[in-house]
Amino acid sequence: MLLLKKLHKWLSLLVGLQLLIWLSTGLYFNLMDHEKASGNQFRQRPAVAQVDINRLVEPQLVLSRSKRSVSLKQISLLAQPYYLLTHQKGLYSHFSNNYSVVDAYTGKPIVIDEVMATKLAQSSYKGQGRINSAIKLSPPYDDIPREQNHVWQINYADYINTSVYIDAGSGRIIKHSNDDKRFVDIFFMLHFMDYGTEGSFNNVQITVFAIFTLFFSLTGFIWTIELIFNGQYKVNFGRRKRNLALFDKNEQAMGEFEVTANTSILDGLIDHDIVLSSTCGGGGTCGQCKVRIDGKVKVTSADHVHFTDEQLQQGFRLACQHDASEVEQLTLLDSTKAKKHQLELTHSEFVSPFMKELRFKVVGGYKLAFKAGAHMRFFIPAAKGVSIPHRLPEALKPHWHHIEHLEYEHNACSRNYSLANGHGQNNGGAEELMFTIKIQNAPDKIVFPGVGSSYLCNLSVGQTIEAVGPFEDFYAKPSSNKTMILIGAGSGMAPLKSLIEEQLHSGINEKSTKRGIYFFYGARTEDDLLYQSEFFQLAKQFANFNYFPVLSQPSAEWTGAKGYVQELLKLQIEGISQINNVEFYLCGPPDMMSTTIDLLKTKNVDASNIAFDEFTQ
């Protein structure tokens, strides 16, 4: 099914592109100047011969003197009568034919040579241009792609470069063409998919496209049937409520809870402070929000990825992929201590051209306890007409001139962001929650900016937002004295900064305050190095802490490491003798993460010593 979906998507691109071509060329055909499109601006009807019947040679005599013919007819060329003998006849005049021409008064054969072809062209031309050239050609021809006979091309030096085509066998004027007509022919080629210039709608390209369109329709039909069987086509009227019976992992009843029928189980449970772990915000990619329900409930593509066939038969599903209307009871396999909170923004400050430090307090005044490296899930409300960013410092405005007035709209959604402060376990919890968030700007007016980062970074101090958490999926191993190597880049700074603060200041683990901590952080320029003075100060204060910043696009004044953070790590890791006594903590862009993990695998680092906080969309 996955292959069918990929095929359907690529075929949709092909079919959609051709539909756009048809629409644009069809519009052009309606708006174009049809007189110019004909190519006949300077064409006129040649004079017709006035025939003296008494002077005509008997047709029977002409036939007897000529090679075998299938037909004979009288024609007019240059206002004189001629006999046209057809020795080989095609179905149409542009098909391969064999002719000879005989003077109707003398019975002498006539050859359509350059002189006569030029005269014939001139008899049908009423423009002021002079003849540039007369060329005898063989097929194929750009201007007359269907023509299969030899022709004379008579070219005129007028402002539209007129060409007159004469049949070299019969003297028939085949066509007038010029630059206007050639321009129109391009649109006809696109409209009729005549990319092989066959001059016909019935071509190979049309046949292939028809087959592709058939496959596009069939794959779409199969996909639609799958969605129907999986229950993903349904009509919900209003926000109906229903009761959902819950059981814990020990099959003990937790009671009935009223949830909104057309919302996901994941979000419906949050309203009752029952929070399942989820790092992807409900996208179905992390596979953490596992529950067990009736095995007959539809199986989504995300369910297939995270469960075996046996587990699916037993009713294992992802809570984010199903809504409450599908089930009457479910069993929670795991839950967290996370709760929904109302957060109020207390501080908002740019710490780099594209990064903001945001600080929140919990409405209600209570502290929030969490392990360093934890993250929270923010609920972003629907918005329309949001122009970003606003209230920029003057020094930063050059970075944003191309998107200052961009407006867009989005539906309600959620986004995950890591906490950047590591004091969540001191004195009952942290009074302030710190986040460093990169504003995902729009590269152009087609691609929208980041929904979550744009909304959060445009909040004013005092405004509130709902968030659920904290989720503690990424944290330092407790009671460990192994050397810590932290590798980060960009906004991957947040959870790593939290871990460093916890290890150096919290005193939770006496061993941790003595063990070696090495922090490798990559950025583009000096302006993008977050908290560098703070980390240099920590390196002076704590002998066991080492800070290694590296820039990929440094200025000429930069004297530190250059390149990418994973490249610097590769150089430094060679000097580690007891690599199995090292814990690695990673957070950053996908390329950095995958390259670093591959590097560690080549060094035979045990998977249990690698922890990473993945960027999710």
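Predicted model: local features only at pLDDT ≥ 70, side-chain atom pairs only at ≥ 80, totals over all residues.
Residues are numbered from 1 along each chain as its sequence is written, and side-chain values rest on heavy atoms, with hydrogens and water left out. Helices (H or I, at least four residues) and strands (E, at least two) are DSSP runs, numbered from the N terminus.

The helices are treated first. Helix H1 (residues 2–31) and helix H5 (residues 179–191) have axes that come within 9 Å and cross at roughly 145°. Axes here are lines fitted to C-alpha atoms, for helices over the stretch in contact, and angles run from 0 to 180 degrees between N-to-C directions. The crossing of H1 past H5 is left-handed, a term that applies if the near helix is turned anticlockwise from the far one by less than a right angle (right-handed if clockwise). From H1, the residues making the contact (heavy atoms within 4.5 Å) are Gln-18, Ile-21, Trp-22, Thr-25, Gly-26, Tyr-28 and Phe-29. From H5, they are Phe-183, Val-184, Phe-187, Phe-188, Leu-190 and His-191. Nine of the residues in this contact are nonpolar, four are polar and none is charged. In this count Ala, Val, Leu, Ile, Met, Phe, Trp, Tyr, Cys and Pro are nonpolar, Asp, Glu, Lys and Arg are charged, and the others, Gly among them, are polar.

Helix H4 (residues 114–123) has Met-116, Ala-117, Leu-120 and Ala-121 buried. Buried means under 20% relative accessible area, exposed over 50%, and partly exposed in between (1.4 Å probe, protein chains only). These four residues lie on the same side of H4, because they cover an arc of only 140° around the axis; the arc is that of the directions from the helix axis to the C-beta atoms. Strands packed against by the buried residues of H4 include S1 (71–77), S2 (80–88) and S4 (109–110). Strands S6 (151–156), S7 (163–167) and S8 (173–177) are also among them.

Strand S7 is largely enclosed by the rest of the structure, since five of its five residues are buried. Ser-163, Tyr-165 and Asp-167 lie on one face of S7, and Val-164 and Ile-166 on the other. S7 pairs with S6 in the antiparallel sense over five bridges, where pairing requires that DSSP finds at least two bridges between two strands. Within this pair, Gln-153 has Tyr-165 of S7 as its bridge partner. The hairpin of S6 and S7 has six residues between the strands, and Asn-161 in the turn has a positive phi of about 50°. With S8, S7 pairs in the antiparallel sense over four bridges, and Ile-166 stands opposite Ile-173. Five residues separate S7 and S8 in their hairpin, where Gly-171 in the turn has a positive phi of about 80°.

Another set of five strands forms an open sheet with mixed pairing, in the order S10-S9-S13-S11-S12. Its edge strands, S10 (253–260) and S12 (316–318), each pair on one side only. From one strand to the next, the twist averages 40°. Inside this order, S11 (residues 290–292) and S13 (residues 329–332) are antiparallel and share two bridges, with Val-291 opposite Leu-332. Thr-331 also belongs to S13, and its relative accessibility of 7% means that it counts as buried. Apart from neighbours within four places in sequence, Thr-331 is in contact with Phe-247, Asp-248, Lys-249, Glu-251, Val-291 and Arg-292.

In strand S16 (residues 375–380), six of the six residues are buried, so S16 is largely enclosed by the rest of the structure. His-375, Arg-377 and Phe-379 point one way from S16, and Met-376, Phe-378 and Ile-380 point the other way. S16 runs antiparallel to strand S19 (residues 413–418), joined by six bridges, and the partner of Met-376 in S19 is Tyr-417. S16 is also antiparallel to strand S21 (residues 464–471), with three bridges, and there His-375 stands opposite Phe-471.

Phe-471 also occurs in the surroundings of Ser-277, a residue of the loop between helix H7 (265–270) and S11. Ser-277 is buried, with a relative accessible area of 11%. Besides Phe-471, the contacts of Ser-277 beyond four places in sequence include Gln-288, Cys-289, Thr-336 and Asp-473.
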